[in-house]
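Visitor: I would like to go through this chain with you, one question at a time. Please show me the sequence and the structure before we start.

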Amino acid sequence: MASFLLFSLLTFSLSNAAVQSPPTAFYLPIRKDPITRQYYTTITMSTNIINVVIDLAGQFTWFSCDQYNSPSYRPISCGSNRCKTFKAPRCISSCDGPKRPGCTNNTCLADVYNPYINWVYVEGYGRDRMNTPSTDGQFVLAGYDIKSYAFSCSTDSEALTKLARQTLGMIGLARTKASLSRQLSLAFKLPNKFALCLPSSSENGLGDIFIGGGPYIMLPVIQDLSKSLSTTPLLINPLSTAPSFNIGDPSDEYFIGVKSIRIDNKVVSFNNSLLTIDEGAVGGTKLSTRDLYTFLHDSIYRPFTAAFVKAAAAKNIKRVAPVSPFEVCFSMTTANGSVPYVDLVMQSESVKWRFYEANSMVKVNNTVSCLAIQNAGLYPRTAVVIGGHQLENYILEFDLVSSNLGFSSSLLQMNTSCSHYRSFRFSSP
């Protein structure tokens with residue numbers, strides 16, 4: 001908390017420094033909660049410093065307004081252009097009590113969703129000033145004000161159930177016009193793209209959200225890693241996967257086209273049609289910060305785990321009793337070299353996303369590690385959900401201009417990671 005408070009105070013100081021030139025990109029830090037293992041960041045709304053859980057599938061920002069205090073807060077009126085842009089289905093007209101953030105009538109409706117309890121709360125949209133620091137890819141630079149950032153207040157304390165204790169809501173990065181990245185990009189005429197570098201721990205530093213594009217510099221590596229990303233198309237699922245939506249809306253989540261899966265360069269045999277989004281909008285592969293680990297359709301999970309166990313045995317890695325919630329665990333005391341690596345093969349044989357031990361396995365005690373993959377059952381909506389553990393220590397760039405996902409190789413293989421501290425620079429050299 002202390003590092004986030006310092007970050008926010010320095011951001012405020014930077015924003016009040018000299019005359020500003022236009023930003024080329026924005027930056028927010030990422031911390032991982034050790035208990036819930038959720039990723040969260042800190043935003044500054046007017047004079048309020050707020051921690052919010054990061055949600056790749058979240059449609060907008062929402063947080064508790066119980067202690068929110070701002071003279072510049074305004075509700076977004078029902079029927080306004082912004083309300084139409086956000087496709088709000090109806091209006092708030094039953095708010096009793098004194099007028100306050102989160103309680104104003106004739107306000108554009110927002111369906112606040114907590115995915116950890118799978119519950120929707122009917123709230124209203126508002127807008128206020130947000131201050132966000134800029135970056136050159138290496139340093140944290142001056143903060144900039146967005147005078148009319150749209151978000152929703154939560155007036156029900158139960159909406160915070162199962163969120164990390166130090167957080168007050170969630171910040172959405174989905175493919176919507178109310179997402180953090182879209183609002184910042186539009187306000188400052190930046191490319192509509194953002195990148196994540198999710199840390200495996202916050203003990204030795206913070207991860208990154210970049211908005212507007214690179215460069216991406218991860219010390220001690222000096223070069224701009226945005227230049228060396230592999231790319232694969234972002235796909236559109238034709239039917240929304242959100243908890244509430246308008247008929248005909250496509251999904252706001254991020255899907256990619258995995259064609260096959262390999263373990264130590266050997267193809268895992270299963271019904272590959274599961275990797276395609278079918279006419280009923282079922283199947284395919286998506287990325288998720290909500291899920292701690294990767295989930296596979298049962299018809300993929302079973303041959304995958306069998307192939308992994310076989311490849312591990314070839315390296316003298318002995319299987320041991322399962323440790324909940326994992327089914328496939330190993331004694332690492334017998335390991336002869338590294339564990340098998342996993343490749344997700346994309347649109348061609350040359351485009352592969354490789355996962356090494358740090359992402360494919362999770363350590364449960366000093367001698368046992370388990371395969372960090374779980375069974376999604378026979379009837380999941382999405383066949384492959386790549387969870388947070390597998391996304392850590394990669395640079396992931398969501399380019400909504402070209403509709404591509406850019407991904408680095410594992411930063412751990414480059415002697416760096418997504419856990420670091422960035423220096424503040426009050427002015428450009």
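Guide: A disulfide here is a pair of cysteine sulfur atoms within 2.5 Å. The model is predicted.

Visitor: How many disulfides does the structure hold?
Guide: The cut-off for a disulfide is a sulfur pair within 2.5 Å. In the structure, the number of disulfides is five.

Visitor: Is the link of Cys329 and Cys370 right-handed or left-handed?
Guide: With 95 degrees about the S-S bond, the link is right-handed.

Visitor: Which hand does the disulfide of Cys197 and Cys418 have, and how many residues apart in sequence are the parts that the pair ties together?
Guide: Cys197 is joined to Cys418 by a disulfide with S to S 1.9 Å. The torsion about the S-S bond is about -85 degrees, so this disulfide is left-handed. Cys197 lies in strand β11 and Cys418 in the segment after β28, so the parts tied together are separated in sequence by 221 residues.

Visitor: Are Cys197 and Cys418 buried or exposed?
Guide: To count as buried, a residue must have under 20% relative accessible area. Both Cys197 and Cys418 are buried.

Visitor: What is the distance between the sulfur atoms of Cys78 and Cys91, and where is Cys91?
Guide: Cys78 and Cys91 form a disulfide, with their sulfur atoms 1.4 Å apart. The pair links distant parts of the chain, 13 residues apart, with Cys78 in the loop between β5 and α2 and Cys91 in strand β6.

Visitor: Why does Cys91 count as partly exposed, and what is its relative accessibility?
Guide: Partly exposed is the range between the 20% limit for buried and the 50% limit for exposed. Cys78 counts as partly exposed because its relative accessibility is 23%. Cys91 counts as partly exposed because its relative accessibility is 31%.

Visitor: Where is Ser251, and with which side chain does it make a polar contact of 2.8 Å?
Guide: Ser251 is in the loop between β13 (230–235) and β14 (255–256). Its relative accessible area is 2%, so Ser251 is buried. Leaving out residues up to four places away in sequence, Ser251 touches Asn237, Leu239, Ser240 and Thr241. The polar contact of 2.8 Å joins the side chain of Ser251 to that of Thr241.

Visitor: What is phi of Ser46, and is Ser46 buried or exposed?
Guide: Most residues other than glycine have a negative phi. Ser46, in the loop between β2 (39–45) and β3 (48–55), has a positive phi near 55 degrees. Its relative accessible area is 7%, so Ser46 is buried.

Visitor: What is phi of Ser403, and what is its relative accessibility?
Guide: Ser403 is in the loop between β27 (395–399) and β28 (404–407). Phi of Ser403 is near 55 degrees, a positive value in a residue other than glycine. Ser403 counts as partly exposed because its relative accessibility is 23%.

Visitor: Which strands are the edge strands of the open sheet of four strands?
Guide: The order of this open sheet is β16-β15-β21-β22, with antiparallel pairing. An edge strand pairs on one side only, and the edge strands are β16 (266–267) and β22 (352–355).

Visitor: Which residue in β16 is the bridge partner of Arg262?
Guide: Strands of a sheet pair through backbone hydrogen bonds. Strand β15 (residues 260–263) is joined to β16 by two bridges, and the two run antiparallel. The bridge partner of Arg262 in β16 is Val267.

Visitor: Which helix lies across β15 and β21, and at what angle to β15?
Guide: The helix that lies across β15 and β21 (342–345) is α4 (residues 298–313). Its direction relative to β15 is about 20 degrees.

How values were computed:
Residues numbered from 1 in each chain as written. Predicted model: local features only at pLDDT ≥ 70, side-chain atom pairs only at ≥ 80, totals over all residues. Heavy atoms only, no water. Buried < 20%, exposed > 50% of the residue type's maximum accessible area, 1.4 Å probe, protein only. Polar contact = N/O pair within 3.5 Å; in protein donor to acceptor, adjacent residues only side chain to side chain. Contact = heavy atoms within 4.5 Å. Pairing = 2+ DSSP bridges. Axes fitted to C-alpha atoms, helices over the stretch in contact; angles between N-to-C directions.
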